[in-house]
Amino acid sequence: MRIVALAGGIGGARFLQGLRAAVPEAELTVVVNTGDDITMYGLRICPDLDTVMYTLGNGIDTDRGWGRKEETFVVKDELAAYDVPTTWFGLGDRDLATHLVRRTMLDAGFPLSQVTAALCARWQPEATLLPMSDDRVETHVMVELDGTRKAIHFQEWWVKHRASLPALAIVAVGAEAATPAPGVLDAVDAADVVLLPPSNPVVSIGTILQVKGIREALRGKTVVGLSPIVGGSPVRGMADACLDAIDVETSAEAVGRHYGSELLDGWLVDTVDAGATVPGVEVRAVPLLMTDVQATAAMARAALELAGV
Ligand code: GDP
Ligand code: CA
């Protein structure tokens, strides 16, 4: 079976771990959001790609959900001692090596997709990880800060301000002009099923869908999504702040309706949200809490069953 999944960071990565456990024989291609990417200290930071790679490669810090396990932060502390203004972003010492490799390869002219493949040669995620695009896309958030309206990078809004400033708009700068990375459309074309893990519908899945041609490519495919919203709230994180920005209610039903029948064939909601309906889409209720790999594998099996594959 050939499966394509679109993914953000933590929600996507955890789901993919369960999916791997459920169908280890499946050929899995993951199209990962790069709208969260940011350049700091000259390094290209790709949070979602690295979260998926480290999680599937057993290198993730499972408590934090991002970065390397057994991590140290000597460099971060040293930067803080210089009073650099960007230490709100945690970049661990082990993680730094990944970023130095990425910087070196990008400087040598390799596109992000090839850099990702090179990094995955070490981590062996047992899936093909593709950035949604090799072109630069950066999500920005319009906020009111110090009495003026301005656009700040998504990471600054999310990590530094903990999404506490109301988002007046969220824009994936560059997405409309970006083209899918090599292999993305071919993988979708060859897929028996496309899964939308319970990733953030606005800044993870929503951003991937804005890359030219991806939404269109999904039209002819069987697509099943899993709700990131359970009982009216995101299980972890602050996805409600993103949904507010696009005027979508924080509920499993509203997110399903937001994706709509043009994209979805099936929509899985948690049992507490049983009764949710999405016109033109088959909705099923199963437990959707990713408490451990077994529970997550059961979610993956339910998604494949709903897809009829
Ligand atoms: P990020 O890029 O690290 O924010 O990760 P994603 O976009 O891939 O996923 C984040 C989303 O995962 C959050 O908005 C949550 O709503 C969702 N999420 C996290 N844990 C769970 C869970 O156990 N069950 C479900 N259904 N959703 C979850
Ligand atoms: Ca992310």
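**Around the ligand**

Mentor: Ligand 1 is surrounded by 20 residues, the closest being Ser-199, Asn-200, Ser-204, Pro-228 and Leu-288. A residue is near a molecule if one of its heavy atoms lies within 4 Å of it. This is a predicted model, where local features need pLDDT of at least 70, side-chain atom pairs count only at pLDDT 80 or more, and totals for chains, interfaces and linings use all residues. Residues are numbered from 1 along each chain as written, chains are lettered from A and ligands numbered from 1 in written order, and side-chain values use heavy atoms, leaving out hydrogens and water.

Trainee: What makes the pair between Gly-9 and ligand 1 a polar contact?

Mentor: A polar contact is a pair of N or O atoms within 3.5 Å. A polar backbone atom of Gly-9 is 2.8 Å from an oxygen atom of ligand 1, so the pair counts. Ile-10 also has a backbone N or O atom 2.8 Å from a ligand 1 oxygen. For Asp-48, a side-chain N or O atom is 3.2 Å from an oxygen of ligand 1.

Trainee: Why is Asn-200 called buried?

Mentor: Buried means under 20% relative accessible area, exposed over 50%, and partly exposed in between (1.4 Å probe, protein chains only). Asn-200 has 12%, so it is buried.

Trainee: Where does Asn-200 lie?

Mentor: Asn-200 is in the loop between strand E9 (193-196) and helix H8 (205-210). Helices (H or I, at least four residues) and strands (E, at least two) are DSSP runs, numbered from the N terminus.

Notes:
Polar contact = N/O pair within 3.5 Å; in protein donor to acceptor, adjacent residues only side chain to side chain.
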